[in-house]
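Dear colleague,

Please find below the structure that I am handing over to you. My findings follow directly after it.

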Amino acid sequence: MLIDSDHEPIAAGSYDWENQLENGIWTYSLEEIWKGLQESYQRLAEEVASKYQTTISTIGTMGFSAMMHGYLAFDRKGELLVPFRTWRNATTAQAEASLTSAFQYTIPQRWSIAHLYQAILNKEPHLKKLDFFTTLAGYIHWQLTGQKVLGIGDASGMFPIHPQIKNYDPEKMAIFDQLAEKEGFSQSLKKLLPKVLLAGELAGVLTEEGAKRLDPSGQLQAGIPFCPPEGDAGTGMVATNSVGKRTGNVSAGTSAFAMIVLEKELTEVHPEIDTVTTPDGSLVAMVHTNNCSSEINAWIKLFKEFSESLGLDISSQQIYETLFMKALQAEADCGGLLSFGYHSGENITKMSEGRPLFVRQPDSTFDLANFMRMHLSSAFGAMRIGMEILKGENITVDRLVAHGGIFKTPKVAQTILASAMEAPVTVMETAGEGGAWGAAILASYSQQTEKNSLQNFLEQQVFVKSKGITIEPSESDLAGYGKFIQTYEKGLPIESVAIQQLD
């Protein structure tokens, strides 16, 4: 995503990809990562050349956003020791329980530190060579700048952050080192983690090698300054102007998460809720679900194949829009239809693996409208269960903004999300821009010479003219979704049995 001085998107490039399940691990190959990154940049450069008759040789500032958490482990030579273990894996239950108990702080299975500790518990051979581990954004940034750093928001999904010192919590680091040493792992955690940086700080510059790696054509020049690399949660907060206290956002894509910026720390440890930070270090309650749009995408692909079999030339975008709009004609409770779009494990509902399911009773109202609304309702099902827990903490939210590709079709997913969250939901005109736009804004913020807070920068310079549509949930939609979620929770044992029997 390329933006102008008014922070408006003026060019973009994309590459479609999905993680792969290999040997029981959800992963991306490094080759695919670089192929996707290079192709995205190439398409952006081609759009700039076509629209503006300009060849990109330099850029004001750059920044990268990527999925949070996971485990990318390297030796001293910079060689990857084991295949990238993404946030989607639910293979660290033992580490999750042990660390959450020891820290008295929620450590979900997807967190980087849970992956490391589980490897320690498993006595994995690669640990003898471990020199550094990081996230996907941290890896790309390192390769392009030579700097082993991470924005605080992304870092907060690797290891707990101390809210006052805005760095890794030293007390918890000491506890971890003691636990690890008992298991025969003697390296200091501090030496293995990337350095933490706040939004606005300089995080290095593009090297000659990095420029060639990003743009093999050789047109992009070295020396471009970088802002700290951030996770998709952090850039999502930026892209929705949700970094101030009592604001929140919902980001929906392959995964979905609700982020609520807190006024104070949570009073209890909730395994379903983890605490991360904004890119400038404020505490955030995160309700994260591993599954959201993958099952919807799978069905759209099937409808696309069906249309092609009939000899019809209908774009995927048109199929999405047509079927999404159909969902607004459905019964609010989805006519008794039920689905679990679990392509992977789901921590909130305590599922170790995924088995996508569609279930109905003989007398359910099985039509296209209910079928589509069911999948959209299910996409937010696990998140709704997590939000119920936050209610018990008396968390106040003044504004809830949604973004992500699922909201590109106006009003549809937004209407259903408002019912799921039991709150008004705003979708801005830039709702489909997502993390790449948020990263570009953070890059722009790092150019600021005046000391302005990130919140003020967003409100006064980025979103001052922003437009959005707010939808309040109707009483009938609230009642209908309430009935759907009851069916959803009653049906969870079906998913459990499917995991046991379909292996």
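Both domain 1 (62-228) and domain 2 (233-502) contribute at least three residues each to the lining of the second largest cavity. Please bear in mind throughout that this is a predicted model. The residues that line the second largest cavity are M68, H69, W87, D232, S255, F257, M286 and H288. By class, 4 of these lining residues are nonpolar, 3 are polar and 1 is charged. The volume of the second largest cavity is about 50 Å³.

H69 sits in the loop between β5 and β6 (72-74). Its phi is near 65°, which is a positive value in a residue other than glycine. Is H69 buried or exposed? The relative accessible area of H69 is 1%, so H69 counts as buried, given that the cut-off for a buried residue is under 20%.

A positive phi is also found at Q53, where the angle is near 50° and the residue is again not glycine. Q53 belongs to the loop between α1 (30-52) and β5 (65-66). The relative accessibility of Q53 is 63%, and therefore Q53 counts as exposed; the cut-off here is over 50%.

With a relative accessible area of 6%, N19 is buried. Which residues does N19 touch, if those up to four places away in sequence are not counted? They are W26, T27, Y28, T86 and R88.

The largest cavity holds about 80 Å³ of space. Its lining consists of N291, C292, E295, I296, G341, Y342, E346, H375, S378, A379, A382 and Y488. Two helices, α10 (294-309) and α12 (368-379), each provide at least two residues of this lining. The greatest contribution is that of α12, with 3 residues. Sorted by class, the lining of the largest cavity contains 6 nonpolar, 4 polar and 2 charged residues.

The second largest pocket is the next feature. Its volume is about 330 Å³. A total of 18 residues line this pocket, and M387, V397, M421, E422 and A423 are those nearest its centre. At least two lining residues come from each of α13 (381-391), β19 (399-403) and α14 (412-421). Which element supplies the largest share of the lining of the second largest pocket? That element is α13, with 5 residues. In this lining, 10 residues are nonpolar, 2 are polar and 6 are charged.

Finally, some values describe the protein as a whole. It contains 18 helices and 21 strands. The C-alpha trace spans about 60 × 60 × 45 Å along its principal axes. Why may the overall dimensions be said to agree with those of a compact globule? A compact globule of 503 residues would have a radius of gyration near 23 Å, and the protein agrees with this because its own value is 22 Å. Of the 503 residues, 56% count as buried. Among contacts with a separation of 6 or more, 73% are between residues 24 or more positions apart.

With kind regards

Key. Residues are numbered from 1 along each chain as its sequence is written. This is a predicted model: local features need pLDDT of at least 70, side-chain atom pairs count only at pLDDT 80 or more; totals for chains, interfaces and linings use all residues. Side-chain values use heavy atoms; hydrogens and water are left out. On a 1 Å grid over the protein atoms alone, a cavity is a set of points where a 1.4 Å probe fits but cannot get out, and a pocket is an open set with protein on both sides within 12 Å along at least five of seven lines; lining residues have an atom within 4 Å of a point. Grid points are joined across faces, edges and corners, and a volume is the space filled by probe spheres set on the points. Helices (H or I, at least four residues) and strands (E, at least two) are DSSP runs, numbered from the N terminus. Ala, Val, Leu, Ile, Met, Phe, Trp, Tyr, Cys and Pro count as nonpolar, Asp, Glu, Lys and Arg as charged, and the others, Gly among them, as polar. Domain bounds come from an automatic or database domain assignment. The radius of gyration is taken over C-alpha atoms; the globule rule is 2.2 Å times the number of residues to the power 0.38. Buried means under 20% relative accessible area, exposed over 50%, partly exposed in between (1.4 Å probe, protein chains only). Contact means heavy atoms within 4.5 Å.
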